[in-house]
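Have the sequence and the 3D view open as you read.

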Amino acid sequence: MALPRPIPASFFGMVLGLVGLGANWRTASRLWGFPPAIGEGVMVVAFVVCAVLTLAYAYKWLMHRSAAIEEARHPVQCCFIGLVPSSGALMGIVLAPHAHGLAVAALLTGGVGQVVFALWRFGGMLQGDRDISTTTPVIYLPSVAGNLIIATAAGILGFPSWGILFFGVGVFSWLALESVIVNRLLNATPLPPPLRPTLGIQLAPPAVAAAAWLANTQGAPELMVQAAWGYGLVQLLLMIRLFPWIARQPFASSYWAFSFGITALSGSALTMTLRGLTGAIAELAPVLFVFTNLVMVGLIIGTLVRSAQNKLLPPAVVAVPPATT
């Protein structure tokens, strides 16, 4: 008999992308007068997806504990667990316009979870004895992505002094890890096809850093924020150039690794335009907004199709029947 299949923690990447898309539409409604209901509708979907995945992931630890422990010990898959507290913190952004108290509670829960997980996972990594082939952009998740997400949510909810602290942790961790990851990609064996879509995480740090800084500041965007955004744009172009190589892996949930960086790049461009920036970024903002929506539609359709084919989850675990006597 086929047992229910536990979800991998990487599925929470869907929450990051959906919240990023909802934030894009919220900003677009203020910038271009689009109906606010679109952004709020996307946020509702993100909230429901987060709730379902959280219940499914809790079920995994209750009913498939060995699989959960194996994932936590895996040198690559373990880092995706950081998406769980990050998704919780993002619910603070979802709820911010509607229930400030609940939003703050989500931020606090996600923030504490992020700090605990980052200290555990990155502390373990610093003990060494790692195969360099397991060093991929996924290692950004514990110390870079999670902290920048907390920083963004803190700024939006009115806690910029805390937001700047998490921003600093995220940015300096990114700068420390960037050369390590690029060195591995340049000099070690090529990423196997199943891991290649995780390269989408590579474009997230500069874009999310720009979004986090904007969430904690006011007024015209500083030149360094614009420069970081430009680096994010180059990363996007690199991913487009590499996509034929990446796409040798058939569609899987790992392709959602592109979603948060793309939505952050578009969203920060919209925010800078809303705050009065003119020139290159403002001119690119509408193009990126359309591109982002097309990418997200593709990811959503791909996910629904693979789900209908029963090919989105990892292979089923087959129970071994008891021996007969």
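Phe 289 is buried, with 6% relative accessibility. This is a predicted model, and in it the ring of Phe 289 pairs edge-to-face with the ring of Trp 32, with centres 5.6 Å apart and planes at 70°. Trp 32 belongs to helix 1 and Phe 289 to helix 11 (residues 280-308), so this pair ties together parts that are 257 residues apart in sequence. Trp 32 itself is partly exposed, at 33% relative accessibility.

How many aromatic pairs does the structure hold? There are 12. One of them is formed by Phe 12 and Tyr 57, edge-to-face, with 5.9 Å from centre to centre and 85° between the planes.

| Residue | Relative accessibility | Class |
|---|---|---|
| Phe 12 | 0% | buried |
| Tyr 57 | 8% | buried |
| Trp 32 | 33% | partly exposed |
| Phe 289 | 6% | buried |

Why does Tyr 57 count as buried? Its relative accessibility is 8%, and buried means under 20%, so Tyr 57 falls in that class.

The charged end of Arg 121 sits over the ring of Trp 120, at 5.3 Å from the ring centre.

In soluble globular proteins, nonpolar side chains tend to be buried together. Here the largest nonpolar core has 92 residues, and Val 19, Leu 148 and Trp 229 touch the most other members. Helix 6 (residues 140-156) gives the largest share of this core, 10 residues. Leaving aside residues up to four places away in sequence, Leu 148 touches Phe 167, Gly 170, Val 171, Pro 205, Val 208, Ala 209 and Ala 212.

Finally, take a look at a loop residue. Is Ser 253 buried or exposed? Ser 253 lies in the loop between helix 9 (223-246) and helix 10 (259-274), and it is buried, with a relative accessible area of 10%. Apart from residues up to four places away in sequence, Ser 253 touches Ser 10, Phe 11, Met 14 and Leu 312.

Technical notes: Residues are numbered from 1 along each chain as its sequence is written. This is a predicted model: local features need pLDDT of at least 70, side-chain atom pairs count only at pLDDT 80 or more; totals for chains, interfaces and linings use all residues. Side-chain values use heavy atoms; hydrogens and water are left out. Rings of Phe, Tyr and Trp (its six-membered ring) pair if their centres lie within 6.5 Å; planes under 30 degrees apart count as stacked, over 60 as edge-to-face and the rest as tilted. Buried means under 20% relative accessible area, exposed over 50%, partly exposed in between (1.4 Å probe, protein chains only). Helices (H or I, at least four residues) and strands (E, at least two) are DSSP runs, numbered from the N terminus. A charge sits over a ring if NZ of Lys or CZ of Arg is within 6 Å of the ring centre and within 35 degrees of the ring normal. A nonpolar core is a set of buried Ala, Val, Leu, Ile, Met, Phe, Trp, Tyr and Cys residues joined through side-chain atoms within 4.5 Å. Contact means heavy atoms within 4.5 Å.
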